[in-house]
Amino acid sequence: MIVKLQDPRAAEKLFEGWYETVIWSCLDRVMGCMYADSEEHPVTAAACLGDFCFLAGEPSEELLQECAGQSEREMLILVGREERWNTLIEKCFPEKIRKFTRYAFRKDPASFDEENLRAEAAKLPEEFEIRLMDETLYGRCRQEEWSKDLAGQFRDYTHFNQYAVGIVAVKGDEIVAGASAYSAYKGGIEVEIDTKEAYRRRGLATACGARLILECKKRGLYPSWDAHNLQSKRLAQKLGYQFDYEYTSYELF
């Protein structure tokens, strides 16, 4: 029987050494939840937050089905800790998955060049303005489909303001791009960057990302970055992140 753990730390050993912030968010009880086969001595577990589900321990079809059933998202990203999980995912959902590669970066605060980040932030075109996300901007980001992930995983602005930080680019009264916390854990955030389609390829993502990293450093937060595609990987490296490794993931529709 699969249960939602009241104490996520019961599954901590299964995720030991796996440096993904979604896992840390669940373990820290900041956001997300942990599913497992036992409250006290789990041998299989899943850390779930938003679109993501990280799977560790003994591969379990029951756990996979539970995670798929509990998700309210149209698409769920499944990441298994070892190849046996990948084999099981492909077996369980042969018609409903897309296999792809994500890119992880070293979590090294010393890798950032603040002078370079300030220079990148200063390249924002004159017609745009960068603002720190306040309660009004937070609420507006949640209202539009393209910008929901800049704020949408948090319960409310109070929750967001307690653990996270966000930056948006505006043109007049219109939010056109942002770099913010997809999720948060104690000591850092997972970076989310989005640009409204009509305003892409103008350097807005780079400028917002640079300002977000600088703001995180000021607050003592680490801005973790995992890239969903090569474009995101290139942007991360431009901002100073050091590539670590690539890993297999699955989109479950």
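These legends describe close-up views of a predicted model. Residues are numbered from 1 along each chain as its sequence is written, and side-chain values use heavy atoms, without hydrogens and water. Local features need pLDDT of at least 70 and side-chain atom pairs 80 or more, while totals for chains, interfaces and linings use all residues.

**View 1. Phe15 and Trp18 form a stacked aromatic pair.**
The structure holds 18 aromatic pairs. In this one the centres are 6.1 Å apart, with 15° between the planes. Rings of Phe, Tyr and Trp (its six-membered ring) pair if their centres lie within 6.5 Å; planes under 30 degrees apart are stacked, over 60 edge-to-face, and the rest tilted. Phe15 is buried at 3% relative accessible area. Trp18 is also buried, at 9%. Buried means under 20%, exposed over 50%, and partly exposed in between (1.4 Å probe, protein chains only).

**View 2. Phe105 and Phe243 meet edge-to-face.**
Ring centres lie 6.1 Å apart and the planes stand at 80°, so the pair is edge-to-face. Phe105 belongs to strand E6 (residues 97-105) and Phe243 to strand E13 (residues 243-252). The pair links distant parts of the chain, 138 residues apart. Helices (H or I, at least four residues) and strands (E, at least two) are DSSP runs, numbered from the N terminus. Phe105 is buried at 3% relative accessibility; Phe243 is partly exposed at 26%.

**View 3. Lys233 sits over two rings, Tyr103 and Phe243.**
The charged end of Lys233 is 5.9 Å from the ring centre of Tyr103. For Phe243, the distance from Lys233 to the ring centre is 4.7 Å. The criterion is NZ of Lys or CZ of Arg within 6 Å of the ring centre and within 35 degrees of the ring normal. Tyr103 and Phe243 belong to one aromatic cluster, whose members include Phe112, Tyr222 and Trp225.

**View 4. Eight strands form an open, mixed sheet.**
The order is E1-E2-E3-E4-E5-E13-E6-E12. Strands E1 (3-4) and E12 (226-227) are the edges, each pairing on one side only. Pairing requires at least two DSSP bridges between two strands. Strand E5 (residues 76-80) and E13 are antiparallel over three bridges. Ile77 stands opposite Glu251 in E13.

**View 5. Helices H3 and H8 pack on the strands.**
H3 (residues 83-92) lies across E3 (44-49), E4 (52-57), E5, E6 and E13, at about 125° to E4. H8 (residues 230-238) touches E6, E12 and E13, and makes about 5° with the direction of E6. Contact means heavy atoms within 4.5 Å. Axes are lines fitted to C-alpha atoms, for helices over the stretch in contact; angles run from 0 to 180 degrees between N-to-C directions.
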